[in-house]
Amino acid sequence: VVFAEFQLGGIASALHAHGRTERDFSRWAYFIRERPEIQILSYEFITGPAAKARTLFHLQQLAMISKMAGRDLDIIIRGKPEVIPFLREHFRRVIYIESGTFVKTINRQRAERVGNRSLAWSTMPTDPGAPVDSLFQHNARERIAYLRNKFYMDPEPDPVSRVA
């Protein structure tokens with residue numbers, strides 16, 4: 001109901017189609033298929049879906065919803081960035097909301113790039129009350145570069161198939 005009211009009010013909205021069972025997800029799939037105004041889903045991989053034993057189940061159910069929709073959908077996610085490659089195979093666009101950089105910054109940690117596809121965090125003590133704006137800007141740039149390189153860049157083509 002809230003999603004529909006936001007849409008009617010002209011507010012860009014993403015439907016949070018969360019479930020725990022296959023039946024929950026099949027209901028969502030039917031609901032989404034019947035409502036072409038639903039173009040964007042949202043999902044979080046922080047609580048239950050982030051648990052190692054449950055992540056694959058949630059990914060499979062989201063893939064099923066995407067397939068059953070009968071149209072391209074986008075998805076906005078938060079949490080485990082490792083799910084991005086799987087979701088990119090099933091959704092038109094995968095938009096990742098990153099919040100860890102803020103937490104790392106207020107805990108006075110600095111992002112250090114390790115190659116193009118890895119990031120390490122080192123302690124960056126500051127004086128009490130010192131601003132952390134420049135540290136946050138640095139961390140955000142590094143985290144964005146890391147996420148792009150690791151999860152959004154298309155893999156290098158196989159050199160053998162290029163030659164053939």
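1. Ser13 sits in the loop that runs between α1 (2–8) and β1 (15–16), where helices (H or I, at least four residues) and strands (E, at least two) are DSSP runs numbered from the N terminus. The model is a predicted one, in which local features need pLDDT of at least 70 and side-chain atom pairs count only at pLDDT 80 or more, while totals for chains, interfaces and linings use all residues. Residues are numbered from 1 along each chain as its sequence is written, and side-chain values use heavy atoms, with hydrogens and water left out.

2. With a relative accessible area of 13%, Ser13 is buried (buried means under 20%, exposed over 50% and partly exposed in between, for a 1.4 Å probe and protein chains only). A polar atom of the Ser13 side chain lies 2.9 Å from the backbone oxygen of Ile11. Once neighbours within four places in sequence are left aside, Ser13 is in contact with Phe3, Phe6, Gln7 and Ile40, contact meaning heavy atoms within 4.5 Å.

3. Helix α3 (residues 52–69) has 18 residues, which at 1.5 Å a residue should span 26 Å, and the 27 Å between its end C-alpha atoms agrees with this; the expected span is 1.5 Å times one less than the number of residues. The buried residues of α3 are Thr55, Phe57, His58, Leu59, Gln61, Leu62, Ala63, Ile65, Ser66 and Ala69, and what covers them includes α2 (22–33), β2 (40–45), β3 (74–79) and α4 (84–88). After α3 comes Gly70, with a positive phi near 75 degrees.

4. The largest pocket has a volume of about 180 Å³. On a 1 Å grid over the protein atoms alone, a pocket is an open set of points where a 1.4 Å probe fits, with protein on both sides within 12 Å along at least five of seven lines, and lining residues have an atom within 4 Å of a point. Grid points are joined across faces, edges and corners, and the volume is the space filled by probe spheres set on the points.

5. The lining of this largest pocket divides into 7 nonpolar, 2 polar and 3 charged residues, with Ala, Val, Leu, Ile, Met, Phe, Trp, Tyr, Cys and Pro counted as nonpolar, Asp, Glu, Lys and Arg as charged, and the others, Gly among them, as polar. Both α5 (100–106) and α6 (133–152) supply at least two residues each, and α6 gives the most, with 7 residues. Among the lining residues are Tyr96, Glu98, Phe102, Arg143 and Leu147.

6. Arg143, a residue of helix α6, is buried, with a relative accessible area of 15%. Its side chain is joined to that of Glu98 by a polar contact of 3.1 Å (a pair of N or O atoms within 3.5 Å; within protein, one must be able to donate a hydrogen and the other to accept it, and residues adjacent in sequence count only if both atoms are side-chain atoms). Not counting residues up to four places away in sequence, Arg143 touches Pro81, Tyr96, Glu98, Thr101, Leu119 and Trp121.

7. Two loop residues remain to be noted. Glu82, in the loop between β3 and α4, is partly exposed at a relative accessible area of 48%, and its C-alpha atom is separated by 9.7 Å from that of Leu147, 65 residues away along the chain. Ser118, in the loop between β5 (109–113) and β6 (119–123), is partly exposed at 31% and lies 35 Å from Ala69, C-alpha to C-alpha, at a sequence separation of 49 residues.
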